[in-house]
Amino acid sequence: PDIYLNGQFLRPEEGKISVMDRGFLFGDGVYEVIPCYAGRLFRLEHHLQRLDSSLHAIHMTNPLSTAEWQAILQRLIQQLPGTDQSVYLQITRGSTGKRDHAIPKEIQPTLFAMTQPAIYPDEASLTNGVKAITLQDNRWHRCNIKAITLLANVLLRSEAMDHGASEAILIRDGQAVEGATSNIFIVKKQRIITPPKSEHLLPGITRDLVLELAGQQGMPFEESAISEQALNEADEIWLTSSSKEVMAVVELNGQRVGNGKPGPIYSQIANHYQAYKNLLRKG
Ligand code: PLP
């Protein structure tokens with residue numbers, strides 16, 4: 001499918017940006033990944049709101065209105081009609097033609113968006129759960145910004161993969177904050193717990209939806225810090241993200257979580273999540 005770049009729809013190979021783009025030189029930009037089910041964008045307003053707060057945090061303003069983004073994204077996804085897709089959009093600060101860290105006053109952002117067929121969590125991972133390890137969080141203190149600067153996350157996730165795990169759960173000051181590419185939840189004595197939003201984690205759209213669904217279903221939940229010990233002693237551990245959806249961790253650092261199978265509260269929330277998705281599919 002065609003991509004969107006600075007006002008134009010182009011073949012991917014026709015898209016050209018300057019090597020002086022600050023996104024390329026400094027990772028000076030932000031992004032969003034928006035799922036699209038059966039040709040419908042999932043929680044678009046939430047994603048665009050988070051985009052605005054990421055931009056605000058890096059002293060940029062959204063160059064386009066919600067309606068303009070909507071029109072661009074609709075045109076992209078209509079190339080794969082009625083299918084499940086993953087839409088990526090990125091805004092970098094742009095280029096002034098020279099490499100200088102200081103934020104220039106006069107600069108035009110680089111706008112990029114594309115769509116790809118959805119990459120799903122595989123059935124086996126959803127039904128059987130996945131393995132995770134804990135690693136020290138060595139990222140910066142602005143993790144609430146969805147920055148394209150993802151080197152720490154890349155290395156952490158890669159370390160998890162080297163250990164045969166599919167995600168790294170990150171520990172900062174003795175607390176489990178989130179995964180390298182996902183948010184975390186635990187269940188203790190039937191109670192769903194996820195860390196409160198802070199500068200140490202990305203405010204996940206899936207995280208918010210899971211809390212919303214738990215609330216609607218009258219499932220007890222709280223937003224509070226999760227110590228490393230509480231993580232180790234959890235009855236259930238889940239990961240959430242737009243591409244993982246809700247996934248159970250059944251093995252942490254080689255130890256079984258609960259009885260080593262996705263737990264009963266997981267099954268409930270995963271069903272509610274699928275039901276919510278299916279509602280959207282039917283429009
Ligand atoms: N935390 C991190 C570090 C992420 O990279 C992601 C998503 O990729 C998430 C959490 C989950 O966010 P969302 O549910 O909006 O996809």
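Which strand pairs with β14, in what sense, and over how many bridges? Strand β10 (residues 183-188) pairs with β14 in the antiparallel sense over five bridges. The points below concern a predicted model.

1. Burial of β14. Six of the six residues of β14 are buried, and the strand is mostly covered. Glu 236, Trp 238 and Thr 240 point one way, whereas Ile 237, Leu 239 and Ser 241 point the other way. In a regular strand, side chains alternate between the two faces of the sheet. Both sets in β14 are buried.

2. The ligand shell. The ligand is surrounded by 13 residues, and the closest are Leu 202, Gly 204, Ile 205, Thr 206 and Ser 242. Two elements, α6 (205-216) and β14 (236-241), each contribute at least two residues to this shell. The largest share, three residues, belongs to α6. Sorted by class, the shell has nine polar, two nonpolar and two charged residues.

3. The six-stranded sheet. A separate topic is the open sheet with the strand order β2-β1-β6-β5-β3-β4, in which the pairing is antiparallel. At its edges stand β2 and β4 (40-41); each has a single partner strand, so one side of each is left without a neighbour in the sheet. β2 pairs with strand β1 (residues 3-5) in the antiparallel sense over three bridges. Within this pairing, Ile 3 stands opposite Leu 10 in β2.

4. Helices on the sheet. Helix α2 (residues 44-57) packs on the sheet and touches β3 (29-37), β4 and β5 (85-92). The direction of α2 makes about 175° with that of β3. Helix α3 (residues 66-77) lies across β1, β2, β3, β4, β5 and β6 (110-117). The angle between α3 and β6 is about 35°.

5. Two positive phi values. Most residues other than glycine have a negative phi. Ala 38, in the loop between β3 and β4, has a positive phi near 50°. Arg 43, in the loop between β4 and α2, has a positive phi of about 55° although it is not a glycine. A reader may want to look at the backbone at Ala 38 and at Arg 43.

6. Surroundings of these two residues. Are Ala 38 and Arg 43 buried, exposed or in between? Ala 38 is partly exposed because it has 15 other C-beta atoms within 10 Å, and a residue counts as exposed at 12 or fewer and as buried at 20 or more. Arg 43 has 18 C-beta neighbours inside 10 Å and therefore also counts as partly exposed.

7. Glu 14. This residue lies in the loop between β2 (8-10) and α1 (22-26). Glu 14 is exposed because 11 other C-beta atoms lie within 10 Å, and the limit for exposed is 12 or fewer. The C-alpha atoms of Glu 14 and Lys 197 are separated by 40 Å, and the two residues are 183 residues apart along the chain.

Terms used
Residues numbered from 1 in each chain as written. Predicted model: local features only at pLDDT ≥ 70, side-chain atom pairs only at ≥ 80, totals over all residues. Helix = DSSP H or I, 4+ residues; strand = E, 2+ residues; numbered from the N terminus. Near = placed C-beta within 6 Å. Nonpolar A, V, L, I, M, F, W, Y, C, P; charged D, E, K, R; others polar. Pairing = 2+ DSSP bridges. Contact = placed C-beta atoms within 7 Å. Axes fitted to C-alpha atoms, helices over the stretch in contact; angles between N-to-C directions.
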